[in-house]
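Work through the exercises below with the sequence and the structure in view. Try each task before reading its solution.

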Amino acid sequence: MRAYASIFKIRFINTMQYRTAAYAGVITQICFGLMYVFLYLAFYKQGNIPENFTATQMVSFLWLQQMFFVYFFPIDQNKNIVGQIEQGNICYEMVRPMKLYNNWSVTLFAEKVAKTLLRFVPVLIFAILLPTGVGLELPASAGAFFLSLFNLIVSGLLIVAMNMVCYCLLFKTMSSLGIFSIYTTIASLLGGSLIPIPMMPGWIQNILNFLPFRYTSDLTFRTYVGSIDIQSALIQTAIQVGWLMLFVVLGKVLMNRCLKKVEVQGG
Amino acid sequence: MIEVKNLSKTFKIAQKDKGFWGSVKGLFKRRYLEKRALDDVSFNIKEGEIVGYLGPNGAGKSTTIKIMCGILTPTSGDCVINGFTPWKDREKYVKDIGVVFGQRSQLWWDVPVIDSFHLLKDIYKIPTDEFKKQLDLLTEKLDLQSLLNVPLRQLSLGQKMKCELAGSLLHKPKILFLDEPTIGLDAISKLKVREFVKTINKELGITVILTTHDMNDIEALTNRIIIIGKGKLLYDGSFDQIKHKYSKHKTIDIEFEEDYQSVEIEGCQFVSKVDKKHTFKTSDENFKLTDFVERVSKKYKIYDVNVDPINLEEVISKLYEELGL
Amino acid sequence: MLYFKFLKMHFKKLLQYRLSFFLSLLSQTIVSLVALASMYFLFDRFKVVAGWSFSQVAISYAVVYFCFSFTECFGRGFDRFAKLIQSGGLDSFYIRPRSIFHQTLCSEIEFSKMGRVVVALAVLIYACAIQPFTWGIDKVAVLIGMLLCGIVIFFSLFMLGASMCIFTIEGLEVVNVFTDGGRELCQYPLNVYPEGLAKIFTYIIPFASFNYLPMMYLFDMPGATVWGHALAPLYGMLIIIPAYFIFRWSLTKYKSTGT
């Protein structure tokens with residue numbers, strides 16, 4: 001356990017070095033945030049607004065999305081890990097006395113958290129200071145706040161677990177080109193990062209309930225803004241934890257298979 | 001042919017303050033540190049010469065070469081090469097120079113070498129018949145025939161360097177700049193590169209300016225060296241003279257018949273001892289082996305003696321030391 | 001002439017990596033299709049935005065995607081100028097008897113972006129075909145002007161970004177706010193946004209000149225004039241003049257990196 005804590009620490013510190021990239025990220029997020037807020041408000045002027053997603057809720061949702069943009073990014077293309085897989089340097093990792101699955105997961109999660117911490121505060125301050133109607137509002141209730149905080153943490157773990165499955169599949173294809181960006185695009189669409197799910201046609205919303213993607217950012221943010229009431233949010237949180245467990249098991253099974261393959265090939 | 005006069009180049013380096021507020025401050029007000037990369041450097045090079053341009057890392061070698069190639073603009077000073085000022089008449093001037101950077105390639109990584117050559121033909125607007133002639137000549141001299149149709153990435157380091165050399169000479173330059181051309185090459189490839197540079201200098205009359213850390217390159221190619229350190233010109237003259245100056249330094253290995261605990265010899269400095277073999281250093285200008293052996297054998301029983309003159313790397317490191325680099 | 005030789009070389013290079021090329025092409029295509037799909041979902045619910053229908057906004061989307069991806073494909077050298085500096089590639093441009101501009105243009109061509117160009121073109125043709133009005137020669141000319149102007153504007157932005165890289169050495173992600181941000185912003189006609197924002201992108205960075213303003217003429221919106229709207233793409237293209245000279249000027253300030 002201590003080994004993982006120190007991996008987390010070193011990855012975290014390492015990522016904190018990239019401040020310049022983070023400042024640029026903050027500016028990008030603020031600009032995109034403003035743009036989307038105005039764009040969707042223009043759509044909302046037409047009426048036919050989704051019942052469970054008022055204009056204020058929508059605006060807060062969009063700002064949360066920008067604040068946690070890197071946290072909820074569907075897949076982190078960790079150069080180190082991709083390099084290890086593509087160039088077969090994985091044997092070095094395998095001689096270390098710890099499980100590769102845990103090692104990589106901790107790495108991915110630490111980098112995610114560090115990148116987020118560098119970015120979300122300035123965006124948060126900016127979004128709170130904006131006038132009512134275009135800025136971030138307080139959570140719907142104390143319960144909603146704490147539940148969404150829990151959702152936030154589980155979401156990060158769920159994304160990492162899903163990424164691990166992707167990395168295992170990368171073992172099979174050995175080439176990351178194109179695959180990451182295809183996954184990012186599709187996961188963004190299905191997770192409600194391109195357009196918020198409540199604005200989508202009903203039949204698509206029904207399908208998305210059965211897929212894991214929306215149990216990340218969509219669930220977290222909509223719990224916060226009160227677009228999902230506490231009772232259904234609790235049920236959906238249970239589903240979220242279920243998905244997390246499923247993906248962890250799946251990832252571990254796949255990983256073991258892949259490593260066996262590596263051993264057979266002689267690494 | 002090449003006239004460099006009072007060349008100076010100063011870089012401004014922005015100082016970064018630490019922490020978040022430091023970087024915010026940095027957005028509005030920046031502190032600069034001035035670094036003199038070149039300080040009043042002057043020299044002349046005649047047509048057909050080979051000149052070794054030496055100096056430790058960070059001395060300003062690359063900066064000089066980059067100014068002479070037209071990549072950088074100097075802060076002050078003048079440089080006329082072949083009638084042009086490199087950074088002012090860049091496009092006209094560079095038609096007559098060839099450049100090889102030992103550590104990076106100017107050919108395409110993924111396509112056969114010959115395709116890169118054809119592209120260079122178009123970039124330099126070389127007429128087809130001239131290009132063919134020159135390519136044939138270079139192919140023969142560098143033995144390239146089997147390499148031309150292979151993508152660059154599949155070639156060994158030595159083979160790559162041969163192709164780089166050919167690529168830099170396709171447009172028949174009058175001056176060739178070689179920036180560490182033998183870096184990382186094996187012994188045989190190094191010999192081949194040196195031989196080739198010698199040939200093109202003699203047969204085609206190309207002026208060569210060479211930077212290197214390998215003193216054997218200099219030994220094999222030229223007697224004229226220019227040494228630069230901390231941006232200043234320190235020495236411009238013959239290599240032999242410097243070698244001669246330091247040739248009095250010698251290393252002497254003596255193997256004795258008995259295992260002496262300590263051996264003292266007048267005029268020599270003890271360095272180390274392994275079993276019966278003792279090593280000494282001397283700077284005696286009038287050193288004579290016969291006298292030396294006679295003198296020592298009066299006190300000790302000698303089995304074998306070996307005298308090494310100081311080697312080239314040591315000459316240069318001694319020189320750098322003396323110049324305070 | 002030289003450009004076509006380079007084009008051939010880039011193509012040869014591409015043939016060495018066929019599989020990765022097709023994968024990138026596929027991903028580029030999917031990315032643009034998904035963007036279109038999400039736009040469709042929005043119009044499925046809201047029908048109109050700020051007076052524009054789906055088929056009209058589809059033209060806006062297609063134009064901006066076409067221009068951006070086309071420029072990304074052929075102006076890639078400027079887009080990735082920081083890499084060029086870091087790898088020492090720019091040094092080797094200085095020792096060749098051709099202009100740096102010309103060599104940068106030749107240095108990289110990213111064919112996989114053609115996936116987006118083709119999707120955008122297909123959407124454009126379809127969206128044009130379903131417009132309720134008839135196409136006159138003037139409207140076709142305006143549309144072509146929009147495409148050219150968009151390419152010129154994005155290209156100028158890439159060039160300005162490259163100029164900044166000469167001073168910073170590192171790539172500047174802030175530049176992406178204008179390029180990628182511009183691409184996202186211009187998918188919708190600018191009157192969707194508040195007036196201040198629209199003004200910035202009309203007069204400072206002339207994004208409006210290749211979509212919002214000429215589109216008002218295209219769809220006979222009230223108040224659309226020939227001089228103010230149909231000819232807007234011509235005015236917008238002027239941005240390339242300062243951009244080009246800034247690029248030229250910054251090249252004289254180049255500090256080569258490394259040993």
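**Exercise 1.** In which sense do E11(B) and strand E12 (residues 277-282) of chain B pair, and over how many bridges?

Solution. The model is a predicted one.
Step 1: Follow E11(B) alongside E12(B); the two pair in the antiparallel sense.
Step 2: Count the bridges between E11(B) and E12(B), which come to 5.
Step 3: Take B:Phe270 as an example; its bridge partner in E12(B) is B:Phe280.

**Exercise 2.** Find the order of the open sheet of 4 strands in chain B, and name its edge strands.

Solution.
Step 1: The order reads E11-E12-E10-E13 (chain B), and the pairing is antiparallel.
Step 2: Strand E11 (269-274) and strand E13 (302-309) of chain B each pair on one side only, and these are the edge strands.
Step 3: On average, and with direction ignored, neighbouring strands of this sheet are turned by 20 degrees against each other.

**Exercise 3.** Which strands does helix H10 (residues 289-297) of chain B touch where it packs on the sheet?

Solution.
Step 1: H10(B) touches strand E10 (250-256) and E13 of chain B.
Step 2: Compare directions: that of H10(B) makes about 145 degrees with that of E13(B).

**Exercise 4.** Describe the side of chain C that touches chain B.

Solution.
Step 1: In this contact, 19 residues of chain C meet 24 residues of chain B.
Step 2: The elements giving two or more residues to this side of chain C are helix H1 (2-16) and helix H6 (89-94) of chain C.
Step 3: H1(C) supplies the largest share, 6 residues.
Step 4: Sorted by class, this side of chain C has 5 nonpolar, 7 polar and 7 charged residues.

Methods
Residues are numbered from 1 along each chain as its sequence is written. Chains are lettered from A and ligands numbered from 1 in the order in which they are written. This is a predicted model: local features need pLDDT of at least 70, side-chain atom pairs count only at pLDDT 80 or more; totals for chains, interfaces and linings use all residues. Two residues are in contact if their C-beta atoms, placed from the backbone, lie within 7 Å. Ala, Val, Leu, Ile, Met, Phe, Trp, Tyr, Cys and Pro count as nonpolar, Asp, Glu, Lys and Arg as charged, and the others, Gly among them, as polar. Two strands pair if DSSP finds at least two bridges between them. Axes are lines fitted to C-alpha atoms, for helices over the stretch in contact, and angles run from 0 to 180 degrees between N-to-C directions.
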